[in-house]
Amino acid sequence: MATANIAVSETPLVLYALRRADDALILGHRLSEWCGHAPALEEDMALANMGLDLLGQARELYTYAAKVEGKGNDEDKFAYLRDVRQYRNLLLVEQPNGDFARTMVRQFFYAAFADLYWRAMMASSDPTFAAIAAKSEKESAYHLRHSSEWIVRLGDGTEESHRRAQDAIDDLWAYTGEMFAVDDSERGLIEDGIAIDPAALKPRWLKTVTGIVNEATLSLPSGNWMQQGGRTGSHSEHLGHLLSELQSMQRTFPGATW
(Lines give C-alpha, C1' and ligand atoms only; values in the text may rest on other atoms or scores of the structure.)
Protein backbone atom coordinates (compact mmCIF):
# COMPACT_ATOMS: atom_id res chain seq x y z
CA MET A 1 0.00 0.00 0.00
CA ALA A 2 1.44 3.36 -1.02
CA THR A 3 2.15 5.88 1.72
CA ALA A 4 0.38 9.18 1.11
CA ASN A 5 2.35 12.40 0.89
CA ILE A 6 1.68 14.90 3.63
CA ALA A 7 -0.03 18.23 2.95
CA VAL A 8 2.07 21.28 3.78
CA SER A 9 0.72 24.76 4.52
CA GLU A 10 3.42 26.81 2.83
CA THR A 11 3.01 30.16 4.51
CA PRO A 12 6.01 32.45 3.85
CA LEU A 13 7.78 31.58 7.11
CA VAL A 14 7.15 27.84 6.79
CA LEU A 15 8.33 27.87 3.18
CA TYR A 16 11.44 29.84 4.11
CA ALA A 17 12.39 27.33 6.78
CA LEU A 18 11.68 24.36 4.50
CA ARG A 19 13.84 25.76 1.71
CA ARG A 20 16.86 26.02 3.98
CA ALA A 21 16.13 22.68 5.61
CA ASP A 22 15.84 20.97 2.23
CA ASP A 23 19.18 22.45 1.13
CA ALA A 24 20.86 20.99 4.19
CA LEU A 25 19.16 17.59 4.06
CA ILE A 26 19.81 16.95 0.38
CA LEU A 27 23.42 18.10 0.44
CA GLY A 28 24.02 16.16 3.64
CA HIS A 29 22.63 13.03 1.99
CA ARG A 30 24.89 13.55 -1.02
CA LEU A 31 27.92 13.76 1.26
CA SER A 32 26.81 10.61 3.10
CA GLU A 33 27.06 8.72 -0.20
CA TRP A 34 30.86 9.11 0.04
CA CYS A 35 31.03 7.16 3.31
CA GLY A 36 33.47 4.31 2.72
CA HIS A 37 34.39 5.59 -0.76
CA ALA A 38 36.45 8.74 -0.18
CA PRO A 39 40.05 8.86 -1.49
CA ALA A 40 41.53 8.72 2.04
CA LEU A 41 40.31 7.65 5.47
CA GLU A 42 40.68 11.17 6.90
CA GLU A 43 38.60 12.59 4.07
CA ASP A 44 36.01 9.86 4.55
CA MET A 45 35.57 11.10 8.11
CA ALA A 46 35.56 14.76 7.08
CA LEU A 47 32.81 14.28 4.51
CA ALA A 48 30.72 12.26 6.95
CA ASN A 49 31.11 14.94 9.62
CA MET A 50 30.07 17.70 7.23
CA GLY A 51 27.07 15.61 6.25
CA LEU A 52 26.14 15.25 9.92
CA ASP A 53 26.47 19.02 10.42
CA LEU A 54 24.03 19.58 7.57
CA LEU A 55 21.65 16.94 8.91
CA GLY A 56 21.64 18.72 12.25
CA GLN A 57 20.78 22.00 10.55
CA ALA A 58 17.99 20.32 8.61
CA ARG A 59 16.49 18.82 11.77
CA GLU A 60 16.38 22.16 13.57
CA LEU A 61 14.82 23.90 10.58
CA TYR A 62 12.23 21.18 9.97
CA THR A 63 11.29 21.22 13.65
CA TYR A 64 10.81 24.98 13.53
CA ALA A 65 8.79 24.76 10.31
CA ALA A 66 6.52 22.20 11.98
CA LYS A 67 6.06 24.42 15.01
CA VAL A 68 5.18 27.46 12.90
CA GLU A 69 2.85 25.45 10.65
CA GLY A 70 1.02 23.82 13.58
CA LYS A 71 -0.54 21.05 11.47
CA GLY A 72 0.90 18.00 13.21
CA ASN A 73 3.89 17.54 10.91
CA ASP A 74 7.39 16.94 12.24
CA GLU A 75 10.96 16.60 10.99
CA ASP A 76 10.49 12.99 9.88
CA LYS A 77 7.30 13.70 7.96
CA PHE A 78 8.91 16.63 6.16
CA ALA A 79 11.92 14.51 5.23
CA TYR A 80 10.22 11.23 4.35
CA LEU A 81 6.65 11.98 3.32
CA ARG A 82 6.91 14.70 0.73
CA ASP A 83 7.07 14.05 -3.00
CA VAL A 84 9.86 15.42 -5.17
CA ARG A 85 7.73 18.39 -6.30
CA GLN A 86 7.21 19.36 -2.65
CA TYR A 87 10.92 19.76 -2.05
CA ARG A 88 12.27 23.31 -2.24
CA ASN A 89 16.04 22.84 -2.24
CA LEU A 90 18.51 24.48 -4.57
CA LEU A 91 19.23 22.59 -7.78
CA LEU A 92 22.94 22.81 -6.95
CA VAL A 93 22.78 20.54 -3.91
CA GLU A 94 20.89 17.73 -5.64
CA GLN A 95 23.48 17.32 -8.40
CA PRO A 96 25.22 13.91 -8.30
CA ASN A 97 28.57 13.59 -6.55
CA GLY A 98 30.43 12.56 -9.67
CA ASP A 99 34.14 12.38 -8.93
CA PHE A 100 35.84 13.87 -5.89
CA ALA A 101 36.63 17.14 -7.66
CA ARG A 102 32.99 17.65 -8.57
CA THR A 103 31.89 17.01 -4.99
CA MET A 104 34.42 19.53 -3.67
CA VAL A 105 33.42 22.20 -6.20
CA ARG A 106 29.73 21.75 -5.32
CA GLN A 107 30.57 21.94 -1.62
CA PHE A 108 32.76 25.00 -2.14
CA PHE A 109 30.15 26.95 -4.09
CA TYR A 110 27.48 26.20 -1.48
CA ALA A 111 29.66 26.66 1.62
CA ALA A 112 30.95 30.03 0.39
CA PHE A 113 27.31 31.15 0.28
CA ALA A 114 26.16 29.39 3.46
CA ASP A 115 28.94 30.92 5.55
CA LEU A 116 27.88 34.44 4.55
CA TYR A 117 24.19 33.59 4.81
CA TRP A 118 24.25 32.17 8.33
CA ARG A 119 26.53 34.94 9.55
CA ALA A 120 24.01 37.51 8.32
CA MET A 121 21.04 35.54 9.70
CA MET A 122 22.46 35.80 13.21
CA ALA A 123 20.92 39.29 13.18
CA SER A 124 17.44 37.97 12.26
CA SER A 125 14.54 39.43 14.21
CA ASP A 126 13.27 35.84 14.57
CA PRO A 127 15.04 34.44 17.67
CA THR A 128 14.82 30.83 16.49
CA PHE A 129 16.42 31.59 13.13
CA ALA A 130 19.06 33.67 14.87
CA ALA A 131 19.90 30.79 17.21
CA ILE A 132 20.07 28.26 14.36
CA ALA A 133 22.29 30.68 12.44
CA ALA A 134 24.72 31.09 15.33
CA LYS A 135 25.32 27.34 15.41
CA SER A 136 25.27 26.81 11.65
CA GLU A 137 27.74 29.59 10.87
CA LYS A 138 30.50 27.87 12.84
CA GLU A 139 29.90 24.68 10.89
CA SER A 140 29.71 26.46 7.54
CA ALA A 141 32.98 28.27 8.22
CA TYR A 142 34.70 24.90 8.57
CA HIS A 143 32.99 23.53 5.45
CA LEU A 144 34.23 26.54 3.49
CA ARG A 145 37.77 26.24 4.78
CA HIS A 146 37.91 22.51 4.08
CA SER A 147 36.50 22.71 0.56
CA SER A 148 38.63 25.77 -0.29
CA GLU A 149 41.80 23.90 0.60
CA TRP A 150 40.77 21.04 -1.67
CA ILE A 151 39.97 23.34 -4.58
CA VAL A 152 43.50 24.74 -4.38
CA ARG A 153 45.05 21.27 -4.10
CA LEU A 154 43.11 19.91 -7.03
CA GLY A 155 43.50 22.93 -9.28
CA ASP A 156 47.19 23.43 -8.60
CA GLY A 157 47.95 19.71 -8.44
CA THR A 158 48.37 17.31 -11.33
CA GLU A 159 47.20 17.82 -14.88
CA GLU A 160 44.42 15.30 -14.24
CA SER A 161 43.19 16.90 -11.00
CA HIS A 162 43.27 20.34 -12.64
CA ARG A 163 41.17 19.13 -15.56
CA ARG A 164 38.62 17.47 -13.32
CA ALA A 165 38.28 20.53 -11.08
CA GLN A 166 37.86 22.84 -14.08
CA ASP A 167 35.27 20.54 -15.65
CA ALA A 168 33.32 20.58 -12.39
CA ILE A 169 33.39 24.38 -12.19
CA ASP A 170 32.22 24.65 -15.79
CA ASP A 171 29.38 22.17 -15.22
CA LEU A 172 28.12 23.48 -11.86
CA TRP A 173 28.49 27.23 -12.34
CA ALA A 174 25.04 27.62 -13.89
CA TYR A 175 23.45 26.33 -10.67
CA THR A 176 24.97 29.04 -8.45
CA GLY A 177 22.68 31.91 -9.41
CA GLU A 178 19.65 30.36 -7.71
CA MET A 179 21.27 30.94 -4.32
CA PHE A 180 20.78 34.69 -4.69
CA ALA A 181 17.24 34.72 -6.09
CA VAL A 182 14.31 36.14 -4.11
CA ASP A 183 10.59 35.68 -4.74
CA ASP A 184 7.49 37.39 -3.37
CA SER A 185 7.18 35.00 -0.42
CA GLU A 186 10.62 36.02 0.85
CA ARG A 187 10.40 39.76 0.22
CA GLY A 188 7.95 40.29 3.08
CA LEU A 189 10.22 38.37 5.46
CA ILE A 190 13.17 40.49 4.36
CA GLU A 191 11.21 43.67 4.99
CA ASP A 192 10.30 42.41 8.48
CA GLY A 193 13.93 41.65 9.29
CA ILE A 194 13.29 37.92 9.61
CA ALA A 195 15.19 36.98 6.46
CA ILE A 196 18.16 38.57 4.74
CA ASP A 197 18.39 39.54 1.09
CA PRO A 198 20.74 36.96 -0.46
CA ALA A 199 21.44 39.25 -3.41
CA ALA A 200 23.35 41.49 -1.00
CA LEU A 201 25.74 38.60 -0.32
CA LYS A 202 26.69 37.98 -3.94
CA PRO A 203 29.59 40.49 -4.23
CA ARG A 204 31.33 38.99 -1.19
CA TRP A 205 30.56 35.44 -2.34
CA LEU A 206 32.03 36.19 -5.76
CA LYS A 207 35.12 37.75 -4.19
CA THR A 208 35.70 34.65 -2.07
CA VAL A 209 35.09 32.23 -4.92
CA THR A 210 37.20 34.19 -7.40
CA GLY A 211 40.11 34.42 -4.96
CA ILE A 212 40.22 30.68 -4.29
CA VAL A 213 39.68 29.74 -7.94
CA ASN A 214 42.49 32.06 -9.03
CA GLU A 215 44.81 30.65 -6.36
CA ALA A 216 44.00 27.18 -7.70
CA THR A 217 45.03 28.30 -11.23
CA LEU A 218 41.47 27.63 -12.38
CA SER A 219 38.96 29.96 -14.01
CA LEU A 220 35.28 30.80 -13.69
CA PRO A 221 32.96 30.62 -16.72
CA SER A 222 32.06 33.91 -18.38
CA GLY A 223 28.40 33.06 -19.01
CA ASN A 224 25.67 34.66 -16.91
CA TRP A 225 22.77 32.31 -17.72
CA MET A 226 21.62 30.47 -14.61
CA GLN A 227 19.39 27.48 -13.87
CA GLN A 228 16.26 28.08 -11.78
CA GLY A 229 13.42 25.97 -10.44
CA GLY A 230 14.41 24.21 -7.26
CA ARG A 231 12.79 26.76 -4.96
CA THR A 232 9.43 26.21 -6.66
CA GLY A 233 9.66 22.42 -6.86
CA SER A 234 10.93 22.03 -10.44
CA HIS A 235 13.90 19.73 -10.04
CA SER A 236 16.36 17.76 -12.10
CA GLU A 237 15.80 14.04 -12.51
CA HIS A 238 18.50 13.42 -9.92
CA LEU A 239 16.38 14.43 -6.92
CA GLY A 240 13.74 11.77 -7.56
CA HIS A 241 16.39 9.03 -7.53
CA LEU A 242 17.91 10.45 -4.35
CA LEU A 243 14.55 10.55 -2.57
CA SER A 244 13.71 6.99 -3.61
CA GLU A 245 16.69 5.87 -1.56
CA LEU A 246 16.33 8.40 1.26
CA GLN A 247 12.64 7.61 1.80
CA SER A 248 12.66 3.88 1.03
CA MET A 249 12.38 2.61 4.61
CA GLN A 250 9.55 4.92 5.64
CA ARG A 251 7.68 4.35 2.38
CA THR A 252 8.01 0.54 2.77
CA PHE A 253 7.24 0.39 6.48
CA PRO A 254 5.12 3.46 7.29
CA GLY A 255 5.47 4.70 10.83
CA ALA A 256 8.23 2.23 11.67
CA THR A 257 10.21 3.01 14.81
CA TRP A 258 13.31 1.44 16.31
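**View 1. The largest nonpolar core of the predicted model.** This core is made up of 78 residues. Within the core, the residues with the most contacts are Tyr62, Tyr87, Phe109, Phe129 and Trp205. Helix H5, which covers residues 100-121, gives the most to the core, with 15 residues.

**View 2. Surroundings of Trp205.** Trp205 is one of the residues with the most contacts inside the largest nonpolar core. Neighbours within four places in sequence are left aside here. Beyond them, Trp205 is in contact with Phe109, Ala112, Phe113 and Leu116, and also with Trp173, Thr176, Met179 and Phe180. Phe109 is itself listed among the core residues with the most contacts.

**View 3. The crossing of helices H1 and H10.** Helix H1 spans residues 12-32 and helix H10 spans residues 237-246. Their axes come within 11 Å and cross at roughly 75°, so H1 is roughly perpendicular to H10. On the H1 side, the contact is made by Leu25, Ile26, His29 and Arg30. On the H10 side, His238, Leu239, Leu242, Leu243, Glu245 and Leu246 take part. By type, the residues of this contact divide into six nonpolar, two polar and two charged.

**View 4. Asn49 in helix H2.** Asn49 lies in helix H2, which runs over residues 41-69. The relative accessible area of Asn49 is 40%, so this residue counts as partly exposed. Between Asn49 and Met121 there are 23 Å in space, C-alpha to C-alpha, and the two are 72 residues apart in sequence.

Methods: Residues numbered from 1 in each chain as written. Predicted model: local features only at pLDDT ≥ 70, side-chain atom pairs only at ≥ 80, totals over all residues. Heavy atoms only, no water. Core = buried A, V, L, I, M, F, W, Y, C linked by side-chain atoms within 4.5 Å. Buried < 20%, exposed > 50% of the residue type's maximum accessible area, 1.4 Å probe, protein only. Helix = DSSP H or I, 4+ residues; strand = E, 2+ residues; numbered from the N terminus. Contact = heavy atoms within 4.5 Å. Axes fitted to C-alpha atoms, helices over the stretch in contact; angles between N-to-C directions. Parallel < 35°, antiparallel > 145°, perpendicular 65-115°, else oblique. Nonpolar A, V, L, I, M, F, W, Y, C, P; charged D, E, K, R; others polar.
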